[in-house]
Amino acid sequence: MSDHYGDVKVQLGQMKSLGEDAEKEEVDPEEEMPVSSPSASPDPAGCCITTAPGTDALSTNICKQKGKRSRKNPCGKPLQGFPAHAVKNINSPICEQTLLIKGTGKILQGKSAESNGNYVAVHESSDTQETRCEDEFKLPRKRRPVTVDTSKAKTSLEALKLSIKELQWKEFHTGRRAACDIYWHGVSFHDNENIVSGQVNKFPGMVEMLRKINLSRAVRTMQELFPEEYDFYPRSWILPEEYQQFSTEIRMVKESDATESPTFIVKPDGGSQGDGIYLIRDPGDLKLVVGAQAKQAVVQEYIHKPLLIDKLKFDIRLYVLIKSVQPLEIYIAKEGLTRFCTEPYQEPSQKNLSRVFMHLTNYSLNVQSGNYVHSDSQNTGSKRTLSSVLYRLAAKGVDIKRVWSDIIALVIKSVIAVLPDLKVHYQADIPPAKPGPTCFQILGFDILLMKNLKPVLLEVNSNPSMRIEHEQEVAPGVFEYVPSPVDEQVKVGVIRDTLRLMDPFNKKLTATPHPAGGGSDPVEVIPADGDSQGRSPDNAGNLPPLCLKQVYPKYTKQFSHLRLVERIAALFIRFLGVKGNMRLGPTAFRTFIRTCKLSNSNLTMASVDILYIDITRRWSFALADSREAGMGLQAFVEAFFNLAGRRFKSLALREQVVSLLDLCESHLGPQSGAEDRRSLSCSRALPRGGRTPALYLPRPRPISPAAHRRATSQDCRPHQRPKPRTLRANVEN
Ligand code: ADP
């Protein structure tokens, strides 16, 4: 995967610019010129389109000459720009309409061979400017500012306000009677109820999906299907239900090699900021019960050889924007944060297991240490920019281009793992027929670099802290919030550029279709490589280049083969029936079996019923958000794997699943899995082969917990039923 971040930063050695240079060259020819009335203010961007004689449309020069540009057109009137849509796809209806308004047909002269919805550059003919003079009074009026409801923004408010101000948008901090274009929520989709239009910065179900247990389950399903590709997540067991498996496996590891003494980290489900986390070396040290309650937690292999800087362990906080789930669009912030421990690292030993300042990188913990260094500089202190750390590694000869590309792969794969559940939540909360907003979300990925530079996913935060100030003791016992320049630099950029990408007046790509469709997929526009990357999509040309980089669909080819569980989710959604449902009832499950013609002499309807009852009973605890009884998606996936195993015994699991999907989809109309089938038919080129096999814990192969579940469900043994969990968001604020 060639990546411009690496190209720019490594090859040109311009770490600080984080790709700015490359992007300056890539300024969008479509950058919306101000659509103004004659009296409107001039183009603040100073951005103009020039045409070198003899150049074709695609080689049109774009110049950005802040302050230099003449603001008068040849008529001596304020220069009028084309509205963005006038220079988009010239074959589009919008464009034709524009020509009609202008009434001449002479305006757009350049043509691109592209007519697929990507952007085309245009250049003006000599008489274009005359045409503009004639028609400028007919141009559309200045657009109204984008409105943002910030009443529920909570601790993101400061950064959000700064972003809105930079964009010259309009903030409604106590809400608004009329609808806003964008609603900024601090915790979840449901912070504001009854939103029927606009865009909300949270997806329904994201909080639930990213809780430690659910994330571990989702990644584990992918590990079963694609073990080599999902080796970036530490081995994890879910407590209390997998306690026995965990103990057995660790005993086997120790028995097979007496020198092996692995360490594990125990994290309470739904916890954040290091709360309740502890390290153990023996399963007997697990605190399984709190009060009378079994404690829901994930116990995870502890990465004992992290990369150190200044002898300190650190982790990376990377901001990722999910712009849309269908079509899938993912952006990664080119700048992130690194959080440092405050005590020199030593490999875990029985003695140092409880030294949190040595083992846990959480800001909220380390800030309490006397060694915490607040610094205004980006490259010193206990919180630094990611670029400063990468710069330092590059100076030591580290191939940071590769590190960055591995990080991008980790992010895309993680999103693909949670996407199926997200789609189920989405269709339940915003059924296709019901008016509702569309969604986007900024996620916080916590990533650890191992000593061998392999990135490891620690967790994904659905509500990454967007605070740009920190508490400081200004006098003994007197605390004040003071600005944190490092946080501000990174977080305001992320929020501002997220807003720019979500600007409702600036739909560069085709309108995002409703993501709950579960199959019938309108055309997904996949911009050509390099297209729209890092461009400024708005007319505020005085803004810096976007700090968010699109990675999907850009890298569709490398990753689309992983989107297998989404096809299972599409079947699941299809058979859910009642709108708002997230669970499949026994009749719907039977209908699925019948419609897809799966029953035969080896799979009688009676055994289908037994399978349903068995799996549903064990999974009934798994979805805390149990709106109704029945089979949730993860249980359905297990049932699907089971059916695939029965039907295609001789194949490996992944092939079994693909074969069963093909079979099911062949019996269904074109609605089922359309997007997924199409994307799956893309090249299956893997991003990288032959990487070190992940993490250190030897994997004696007693079967994985999920495989164990499947095996046991085949003989339908009775199972223990863990207690339901309560819902808590992993809010960092
Ligand atoms: P929380 O949501 O409470 O912050 P995390 O999963 O982020 O929980 O873990 C807290 C910290 O513990 C991380 O920032 C990291 O420093 C450390 N940590 C977490 N998981 C591992 C692991 N598997 N190996 C090594 N360190 C870990």
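Notes on the model. I am working with a predicted model, where local features need pLDDT of at least 70, side-chain atom pairs count only at pLDDT 80 or more, and totals for chains, interfaces and linings use all residues. Residues are numbered from 1 along each chain as its sequence is written, and side-chain values use heavy atoms, with hydrogens and water left out.

I found a polar side-chain atom of Lys267 at 2.7 Å from an oxygen atom of the ligand. For Gly274, a backbone N or O atom lies 2.7 Å from an oxygen atom of the ligand. The protein buries 99% of the 540 Å² that the ligand exposes when taken alone (Shrake-Rupley method, 1.4 Å probe).

Ligand shell. I noted 23 residues around the ligand, the closest being Lys267, Gly274, Thr361, Asn362 and Glu459 (a heavy atom within 4 Å counts as near). Strands that each supply at least two shell residues include β8 (264-268) and β20 (455-461) (strands are DSSP E runs of at least two residues, helices H or I runs of at least four).

Core. I then looked at the largest nonpolar core, which has 109 residues (buried nonpolar residues joined through side-chain atoms within 4.5 Å, buried meaning under 20% relative accessible area with a 1.4 Å probe, protein chains only). Helix α12 (residues 400-429) gives the most to this core, 18 residues. Domain 1 (147-200) and domain 2 (583-667) both contribute residues, so the core lies between them.

How values were computed. A polar contact is a pair of N or O atoms within 3.5 Å; within protein, one must be able to donate a hydrogen and the other to accept it, and residues adjacent in sequence count only if both atoms are side-chain atoms. Buried means under 20% relative accessible area, exposed over 50%, partly exposed in between (1.4 Å probe, protein chains only). Domain bounds come from an automatic or database domain assignment.
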